[in-house]
Amino acid sequence: MTITSPLTLCYTTPATAWEEALPIGNGRMGAMIFGGVEEERIGLNEDTLWSGGPKDTTNPGAKDVLPEVRRLLFAGEYAAANDLCKQMQGPYSQAYLPLGDLRLRFDPTADGGPQTAYRRALDLDMALATVDYAQNGVAFRREAFVSFPDQVLVVRLMADRPGALNFVVGLDSLLRHTCQVLEKLTGVIPHPDPPHSGEGTGSAPPPEWGRSGGGEGLAGVVMRCDVPVNVDPPYQSGDDPIRYGEGMRAEAHLRVVALGGRVEPTPDGEIAVSGADSVTLFLAAATSFNGFDKHPRHEGVDPASRILPVLEAALARPYEELRARHIADHKTLFRRVTLDLGVTDAINQSTSERIVRFSSQNDPQLIELLFQYGRYLLIASSRPGTQPANLQGIWNPHMRPPWSSNYTLNINLEMNYWPAEVTNLAECHGPLLAYVAESAVTGAAIATANYGCRGWTTHHNGDLWRHAAPVGNYGGGNPQWAMWPLGGAWLSQHLWEYFAFGGDVAYLRETAFPVMREAARFCLDWLVEGPDGFLVTAPGTSPENTFTTADGQTAAVSIGPTGDMAMIRDLFENCLEAGEVLGVTDALQAEIADAQSRLLPYRIGRLGQLQEWSEDWDDPEDHHRHVSHLFGLHPGRQISRRGTPELWAAAMRSLELRGDEATGWSIGWKTLFWARFEDGDHALQMIRLLLRPVAPGAQMSATGGGVYPNLFDAHPPFQIDGNFGVTAGIAEMLLQSQNGELHLLPALPAAWPNGSVTGLRARGGYTVDIAWRDGILHEAVIRADRSGVFPVRIGKNRVVHLECEAGGIYTLPG
C-alpha cells in the first residue's frame, strides 16, 4: 500500500466493528464510516441527543447527614462515614445516545463480482473519508465529510463508467422511530458541478467521473425519533432501564441527488438508485433541545425548523463547492500546527498493520499521526456553538453506552480539552467554557440545598442538562466516585487557562472571573478546620481510589485528601491572580487569600512519596489508574522541578510506585506527568504503551490500555480522552509554559534526535516554532501577542530573557 499523505489513516479492508470505522464530524454531527462494499453503514450522532430533561436533582437530606459524616471522620471512623455518605447522593445522570445509521445496500446483480484494489482512508488534513475499490472492471469511489460551514453530512458516490451506480439507501435507528419517503420534493435541485480544479481541495477523482450529461433525480427520507426520558447507566440494574415518555424528539432528513439513472422510493421506506453516473447524499439532523434548562418536549423547538433551511442551502451548492468550503474551514484550524519526527518506510503499511508492528519497528510518523489525530478529533467533536466533547467525543453506537457516554468530571472531560490551547485550537475550547458557566447555574442549587454552601459545585458526572448532583440513585452508588464535590474547582481551571493563553481581559472580567469566584466561594464554605488548625475537606475522596488504615478499615472517604487540597489551592491561586489582573481587591479576594494560606500542605510519606491522603496510608502495591494527588504537577502548576524540588521528587516517587501500566486515558495522563518531570524517554515509553493494539470488543479492564485499529483510545472500552491526553503530552514534551517561562524542548527523548514543530501556543500569548538537530535546539521562532519580558529556557539550564512587543517575531538560534 502506498500512502499519499503522512496524515492519513488507511486500511485494505472494510470495517467490521465500530472501533475499526473512521470518524468524521463538525462538532454537532458525527458519523462513522465503515466502508463496506456490499453494504455500507454510516453511524450517525447528534450532539444534543441525550435522554432525559432538566429536573430537580437536589437532596436536602444531605445537609442533615453532613455533620455526622464529619464527626465520624474526625473520630477516625472512616468506614462508617463512608457508608453514611451514601445518604448524600442524588439520581444518576442521563446518557448520550445514537441517532441511527445511514445504510446503503449495493445491487449484487449489477455490481457483483470480486472487488480489488480496496482502500479505505481518512485524510486528517482535509477531514475527508474515502473508500476506493474496483469491481467488474469499474472503479468506484466514495467521499464523505461533515461540513461545519454548511452543517450537513455529505456522501458522494462515483464511478468511472456511466450508469454504474445501483443501490438502495435508507435510515434506521435503535430509537423508536418512523421513516417517511418524500415522493414530491420541492426546492432547489443542484446544478451540475463545475470541473474539479484541484486547487486547494486535496485529492479527488478525475473530473470525467460521473459526468455523462444525463438528467438529475431528487428524492428524500425523513426519520423521526422519540428519545427516552430516562436511560440507566449500564452498571445500574433495573426492570426498566430505558424508559420512554414525553421526551426529546429528533429528526434526520436525507436527500438523494443522482446524476443520470433513476431515483425512486421502495415499499420499505427507502430510496432505490439505479443506473446513475454519480450520486450525492445530503443528511441534516437536529433535536428539539432548546437549552439545558428547557423541557425538550414542552419547551423544545421543531427539529425540522432547524433542518430544512440547512438542507435547502446545501442543495443549492454544487458538490465541489461544498467540498471546498468544508476543507478550507477545516484547514484554517488543522494546519496551525505541524510536527515532523522523521520518515521511515513504515508509512507504506496500513494503519492497523503499523499499530501491530509499532513495538518492533521504527515508525515516528505513527506518533505524528496519533498527535494530529487528537487535534483532528477535537476539531470534529467540539466547535463554537456545539456541546462539549463527551466521553466518546460525539461518536456512540450504544443505547446504554459505557459510563453513559456522559461528562465524567473527575478527569475525563477536562482531559478532552488539554490539547485545546497548547495545540492552537482555542476556538474548540469554547463549548467546555460554556458548559462550565451553565453548570454553575445548576451547581448553585446543589450547593445550597445539599450542603448549605454559597457558590456552586458539581460532582463526578454531568450531562446535557448540566447535572451537578452526586450520582448514585440516592444511596446505590459507591462513595469512592460519588462523594466528590470538587468538579467546579477543576472545571474552573479551564476558564483561567483560556485567559492565560489568549489574554482576553474582557472575557476574564465578564465571564470567567465571576464563575471562578463562585466556585471558590463554595470551597470556602466546604472547607473546615482540622485538629491541627489547617483547612481541609471533610468528607473528601481521591477520585475512585480507596485506602486501608492501620486498624483495617477500608474506605474512600477521608479528611483532606491531597487531590482535593491541590484543586482548591489551584482555584484560589487562579482567582487571586485574576483579581490582580482586573484590579479587584474586595472582601471575597481577601477571604480567598486568607484561606489559601491555611490550606493543609502537601505531605511526603514514609516511602518518599507525595502522600495521596493526609495520613500516610499509601500502598506501594497500589497501581490505581487515577493519580489525583499529582494534580499539582499536572494539570496544576504548584509542583515543579525548580520551584518545589522536594515535592517534585516526591511526586516522581509516587508515579514510580504507581507504575506505567494503566487504562488508555491514564497512560495519556502519565505521558504528561513524565513530560513535566522532564524525562522524555519515559514519556515516550508511555506513548509506546498507548500504541499497543487492542482488539474491538475487548473486555472492560483497568489495565491494558492501548488503541483500536482506528486509533481510538481503548480504556478499554473506547474512551476518547486518551487520544486528547496523549496529544497534549506530546506537545508538552516539546514546549511548556506553566512555570512563568517558555521552556523549549523540556522532555525531548533520545529517539527523536532531529525534528521540528510549528504553531504550538504558550501561556502569555506566544506562538512557537521549534527545530532541533542532534537532540538540541537548532532554532526557535516566537511570535508574541502581547508586549513584555518573558524568560525562555532552552533545554534544562540555559535561560534567556526575551523582550517582546505585541506582533513581534523573534528568532532564537540554538
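**Entry 1**

I looked up glutamate 264 and noted a relative accessibility of 32%, which counts as partly exposed. The scale I used calls a residue buried under 20% relative accessible area, exposed over 50% and partly exposed in between, with a 1.4 Å probe and protein chains only. The model is a predicted one, in which local features need pLDDT of at least 70 and side-chain atom pairs count only at pLDDT 80 or more, while totals for chains, interfaces and linings use all residues. Residues are numbered from 1 along each chain as its sequence is written, and side-chain values use heavy atoms, with hydrogens and water left out.

I then asked which side chain glutamate 264 meets in a salt bridge. The partner is arginine 262, at 3.0 Å from N to O. I applied the rule that a side-chain nitrogen of Lys or Arg must lie within 4 Å of a carboxyl oxygen of Asp or Glu. Arginine 262 counts as exposed, at 52% relative accessibility.

**Entry 2: Further salt bridges**

I recorded 47 salt bridges by this rule. Side chains of opposite charge can pair when their charged atoms come close. One of the bridges joins arginine 325 to aspartate 150, at 2.9 Å from N to O. Arginine 325 belongs to helix α5 (residues 319–334) and aspartate 150 to the loop between β8 (138–146) and β9 (153–159), so this pair ties together parts that lie 175 residues apart in sequence. For these labels, helices (H or I, at least four residues) and strands (E, at least two) are DSSP runs, numbered from the N terminus.

Lysine 294 is partly exposed at 29% relative accessibility, and aspartate 293 is partly exposed at 43%. Elsewhere I noted one network in which salt bridges with shared partners join Glu39, Arg41, Asp101 and Arg103.

**Entry 3: Aspartate 363**

I located aspartate 363 in the loop between α6 (351–357) and α7 (364–381). With 2% relative accessibility, aspartate 363 counts as buried. Its side chain makes a polar contact with the side chain of arginine 354, at 2.9 Å. Such a contact is a pair of N or O atoms within 3.5 Å; within protein, one must be able to donate a hydrogen and the other to accept it, and residues adjacent in sequence count only if both atoms are side-chain atoms.

I set aside the neighbours within four places in sequence and listed what else aspartate 363 touches: Thr344, Ala346, Arg354 and Phe358. Contact here means heavy atoms within 4.5 Å.

**Entry 4: Aromatic rings**

I recorded 32 aromatic pairs in the structure. Rings of Phe, Tyr and Trp (its six-membered ring) pair if their centres lie within 6.5 Å; planes under 30 degrees apart count as stacked, over 60 as edge-to-face and the rest as tilted. Phenylalanine 106 and phenylalanine 167 form a tilted pair, with 5.5 Å centre to centre and 50 degrees between the planes. This pair links distant parts of the chain, since phenylalanine 106 is in strand β5 (residues 100–106) and phenylalanine 167 in strand β10 (residues 165–172), 61 residues apart. Both phenylalanine 106 and phenylalanine 167 are buried.

I noted one aromatic cluster formed by Trp418, Trp484, Trp490, Phe631, Trp669 and Phe673. I also looked for charges over rings, meaning NZ of Lys or CZ of Arg within 6 Å of the ring centre and within 35 degrees of the ring normal. The charged end of arginine 120 sits over the ring of tyrosine 11, 4.5 Å from its centre, and that of arginine 383 sits over the ring of phenylalanine 148, 4.0 Å from its centre.

**Entry 5: Strand β10**

I returned to β10 and found 7 of its 8 residues buried, so β10 is largely enclosed by the rest of the structure. Which way do β5 and β10 run, and how many bridges join them? They run antiparallel and are joined by 6 bridges. Two strands pair if DSSP finds at least two bridges between them. Arginine 105 stands opposite valine 168 in β10.

Strand β17 (residues 271–276) also runs antiparallel to β10, with 4 bridges. Here I noted isoleucine 271 of β17 as the bridge partner of valine 169.

**Entry 6: Valine 227**

I placed valine 227 in the loop between β12 (216–226) and β13 (230–231). At 1% relative accessibility, valine 227 counts as buried. Beyond its neighbours within four places in sequence, valine 227 is in contact with residues including Leu49, Trp50, Leu97 and Tyr244.
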